[in-house]
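Let's take a friendly walk through a protein model.

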Amino acid sequence: MKIISSIDELRDQLRGQLRTAFVPTMGNLHEGHLSLMRLARKHGDPVVASIFVNRLQFGPNEDFDKYPRTFQADVEKLEKEGVYVLFAPTEKDLYPEPQEYRVRPPDDLGNILEGEFRPGFFTGVTTVVLKLFSCVQPRVAVFGKKDYQQLMIVRNMSKQFALPTEIIAAETYRAEDGLALSSRNGYLSAEERAEAPQLYQLLNEVADEVRSGHLDVFELERNAMAKLADRGWKPDYISIRKRNDLQPPSAGDLANGEQLVVLAAAKLGITRLIDNLEI
């Protein structure tokens, strides 16, 4: 596996490759990330991964400096997966001058749910993803469904800019007890780790209620938030939305069997966990 930090060197290395499959990451890789590499290989060749902790998507009170960086261990994992190139730019490589041009998602998608609680987050995400796409020029790129809203925003961005990159969605990779794998799970204490699967359990309960015909969305959301709070969590949202645009479903949508997804974000101790489940 070649490890490259320079954009020019990356382009030289990939020149002439027409089927590149790309997986962008922020490092601290776990089995969920590695499953994305395997899916990428099914859709293209060679597989290129990136590791870059993107300052633009962290808010002023978020954990940019504390974000876990495990570069050598990440390299060993990617080598075992047969990744062809690891693009690992420094901030100076990727942002040689201040990134004053930004890509801002539309407010009705970028400022809801995660965007409401993390202002500017998705502008940081879309800006770095567009720049990484420009560097790698992949035919396909793989993103996990765990970050459901991010997946939708990146897919819409790629479509609206007519980028020659197909966005592939990967199913959320879970531990045996249902907890969605995330780099931030490492912040959980042993006691919190034992409690953490309750978030996914609650999403399943909400989904089961909807499937059984309970269509009072606001009541379901309110009850689920209260349940989490009673267990010591600090929920930001538990929200039932339409899959196609993440807007709240109308009574007509519910009556017509609109495809739905329930999304959640909540703090357990100091750790903010997100998850979702398609209904």
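At roughly what angle do the axes of helix α10 and helix α11 cross? In this predicted model, the answer is roughly 155 degrees, and the two axes come within 11 Å. Because angles over 145 degrees count as roughly antiparallel, α10 is roughly antiparallel to α11. Their crossing is right-handed.

Here are the two partners, with the residues that make the contact:

| Helix | Residues in the helix | Residues in the contact |
|---|---|---|
| α10 | 198–211 | Leu-199, Leu-202, Glu-205, Val-206, Glu-209 and Val-210 |
| α11 | 217–230 | Leu-220, Ala-224, Lys-227 and Leu-228 |

Of the residues in this contact, 7 are nonpolar and 3 are charged, with no polar ones.

Now let's turn to the cores. In soluble globular proteins, nonpolar side chains tend to be buried together. The largest nonpolar core here has 39 residues. Leu-10, Leu-94, Val-129, Phe-133, Phe-143 and Leu-246 are the ones with the most contacts inside this core. Several elements each supply at least two of its residues: the helices α1 (7–14), α7 (121–136) and α8 (148–160), and the strands β4 (85–87), β5 (140–144) and β8 (260–268). The largest share, 9 residues, comes from α7.

Which residues does Leu-10 touch, leaving aside those up to four places away in sequence? They are Ile-4, Val-85, Phe-87, Cys-135 and Val-136.

Methods. Residues are numbered from 1 along each chain as its sequence is written. This is a predicted model: local features need pLDDT of at least 70, side-chain atom pairs count only at pLDDT 80 or more; totals for chains, interfaces and linings use all residues. Side-chain values use heavy atoms; hydrogens and water are left out. A nonpolar core is a set of buried Ala, Val, Leu, Ile, Met, Phe, Trp, Tyr and Cys residues joined through side-chain atoms within 4.5 Å. Buried means under 20% relative accessible area, exposed over 50%, partly exposed in between (1.4 Å probe, protein chains only). Helices (H or I, at least four residues) and strands (E, at least two) are DSSP runs, numbered from the N terminus. Contact means heavy atoms within 4.5 Å. Axes are lines fitted to C-alpha atoms, for helices over the stretch in contact, and angles run from 0 to 180 degrees between N-to-C directions. Angles under 35 degrees count as roughly parallel, over 145 as roughly antiparallel, 65 to 115 as roughly perpendicular and the rest as oblique. A crossing is left-handed if the near helix is turned anticlockwise from the far one by less than a right angle, and right-handed if clockwise. Ala, Val, Leu, Ile, Met, Phe, Trp, Tyr, Cys and Pro count as nonpolar, Asp, Glu, Lys and Arg as charged, and the others, Gly among them, as polar.
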